[in-house]
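Subject: The structure for you to look at

Hi,

Here is the structure I promised to pass on. Open it up, have a look around, and then read on for what I found in it.

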Amino acid sequence: MEEAKENQNDKSTFEAPPQPLSKNAQKKLLKQQRFEAKKAEKKAQMKEQKRKDAERRRKEWDGTLAAASEDERQRLIESRREVRKERMEKRSKERERKIERLTKAKEIGQKIVIDLEFSHLMSSTEIHSLVQQIMYCYAVNGRCTSPGHLWLTGCRGEMEQQLQRLPGFDKWLIEKESQSYIEALQDQKQNLVYLTADSEYVLDDLASEKIYIIGGLVDRNRWKGITMKKAEEQGIQTAKLPIGDYLKMSSSQVLTVNQVIEILIKFLETRDWKASFFQVIPQRKRCESDNEENQGADEGECESNDDQGDTKKHCIEAPSSD
Ligand SMILES: C[S@@+](CC[C@H](N)C(=O)[O-])C[C@H]1O[C@@H](n2cnc3c(N)ncnc32)[C@H](O)[C@@H]1O
């Protein structure tokens, strides 16, 4: 009840009525649901396979020990202990380096905000999906050589509850704010840039003094133009990614939160939009001739105008601008 009230209070003037789904979109939605079901089934199969493999390895190990002489057994146990120790030391060094990078990013990293003020417009499943995307972004950012300084603003209600359930969330090196970005960063309003596919301005570079905001929404583009409207009403700048300069897609260029963040992170590392798009936008969303490029993670689906799960987004590479 309390939560419902809180969500109610979250509602802003930026809402527009959700668009009813066309027949085509309904078909795509069904297809997406089938895709999700298959994905879940595959995940369960993989988990079971992993369990079986571990069981098999354990039995093999027991068998090897049973067949070995006492001296040989001691040697095998000792060597296994060494391997494990080395692995743990390597992991702990990696963790230390990651902490160093993220601590530095808090001081000098490019500020990237995920605006979490839309949770009242999403179902629990959609919030869950967004939380998974945020977790993924945090991991990618931590591995990157020049990570961004990530902010979660408007982190309240069910959104916050679901984030709190993530293991280790409390220790994340990230800014967590219950306030909106407009309150938390009020002294830097002139530097706020809302990234939205509906902007007429194309982002050509990332400026270190700017703060780039991404709408924390998984909405299969039900709420078309909502972030653009919000930014306009708040009088802050907007920009869209320069996708059109490097790729031609037959449908919308609305990407998922994790794709946008990953593109920004890759761009911070490479200063190369084309490489960033090709690494992040899944190959199956691009035309077949693109396959010479790296394949990026496919955590979420491109959000098309009709449906998030448009698995046949035809696109061709646009002539290079450089
Ligand atoms: C799934 S989209 C949400 C779409 C939503 N209907 C809207 O109006 O923004 C998640 C967020 O990723 C960012 N985004 C997605 N595609 C983008 C693009 N082509 N250029 C800039 N930002 C983009 C926007 O901040 C957007 O709010």
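Let's start with strand 1 (residues 111-115), which is mostly covered: five of its five residues are buried. "Buried" here says that 20 or more other C-beta atoms lie within 10 Å of a residue's own; with 12 or fewer it is exposed, in between it is partly exposed, and the C-beta atoms are placed from the backbone. Helices (H or I, at least four residues) and strands (E, at least two) are DSSP runs, numbered from the N terminus.

Before going further, a word on where this comes from. This is a predicted model, in which local features need pLDDT of at least 70 and side-chain atom pairs count only at pLDDT 80 or more, while totals for chains, interfaces and linings use all residues. Residues are numbered from 1 along each chain as its sequence is written.

**The overall picture**

The chain has ten helices and eight strands. It is 322 residues long, and 34% of them count as buried. Among the contacts with a separation of 6 or more, 78% are between residues 24 or more positions apart. A contact is a pair of residues whose C-beta atoms, placed from the backbone, lie within 7 Å.

In what order do the six strands of the open sheet come? The order is 3-2-1-5-4-6, and the pairing is parallel. Strand 3 (175-176) and strand 6 (237-239) stand at the edges with a single partner strand each, so one side of each has no neighbour in the sheet. Two strands count as paired if DSSP finds at least two bridges between them. As background, strands of a sheet pair through backbone hydrogen bonds, either parallel or antiparallel.

Now back to strand 1. Lys-111, Val-113 and Asp-115 point one way from it, Ile-112 and Ile-114 point the other way, and all are buried. Five bridges join strand 1 to strand 5, and the two run parallel; there, Val-113 stands opposite Ile-213. Another five bridges join strand 1 to strand 2, again running parallel. Across that pairing, Ile-112 stands opposite Leu-150, and Ile-114 has Leu-152 as its bridge partner.

Strand 2 (residues 149-153) is linked to strand 3 by two bridges, and these strands run parallel. Trp-151 stands opposite Glu-175 in strand 3, and Leu-152 has Lys-176 as its bridge partner there. Like strand 1, strand 2 is mostly covered, with five of its five residues buried. His-149, Trp-151 and Thr-153 point one way, Leu-150 and Leu-152 the other.

How does the chain get from strand 2 to strand 3? The path goes through helix 5, and this β-α-β crossover is right-handed. Strand 1, helix 4 (residues 124-143) and strand 2 also make a right-handed β-α-β unit. "Right-handed" says that, with the strands pointing away from the viewer, the path from the first strand over the helix to the second runs clockwise.

Helix 5 (residues 157-164) is worth a look too. Gly-157, Met-159 and Leu-163 are buried in it. They cover an arc of only 155° around the axis, so they sit on the same side of helix 5; the arc is that of the directions from the helix axis to the C-beta atoms.

**Around the ligand**

Which of the 23 residues around the ligand come nearest? They are Leu-195, Ala-197, Gly-215, Thr-227 and Leu-241. A residue is near a molecule if its C-beta atom, placed from the backbone, lies within 6 Å of it. Strand 5 (211-215), helix 7 (226-234) and helix 9 (257-270) each supply at least two residues of this shell. The shell divides into twelve nonpolar, seven polar and four charged residues. Here Ala, Val, Leu, Ile, Met, Phe, Trp, Tyr, Cys and Pro count as nonpolar, Asp, Glu, Lys and Arg as charged, and the others, Gly among them, as polar.

Most residues other than glycine have a negative phi. Asn-221 has a positive phi of about 55° although it is not a glycine. You'll find Asn-221 in the loop between strand 5 and helix 7, where it is buried, with 20 other C-beta atoms within 10 Å.

Arg-271, also not a glycine, has a positive phi of about 55°. This residue lies in the loop between helix 9 and helix 10 (273-280). Arg-271 counts as exposed, with 11 C-beta neighbours inside 10 Å.

Conventions:
Two residues are in contact if their C-beta atoms, placed from the backbone, lie within 7 Å.
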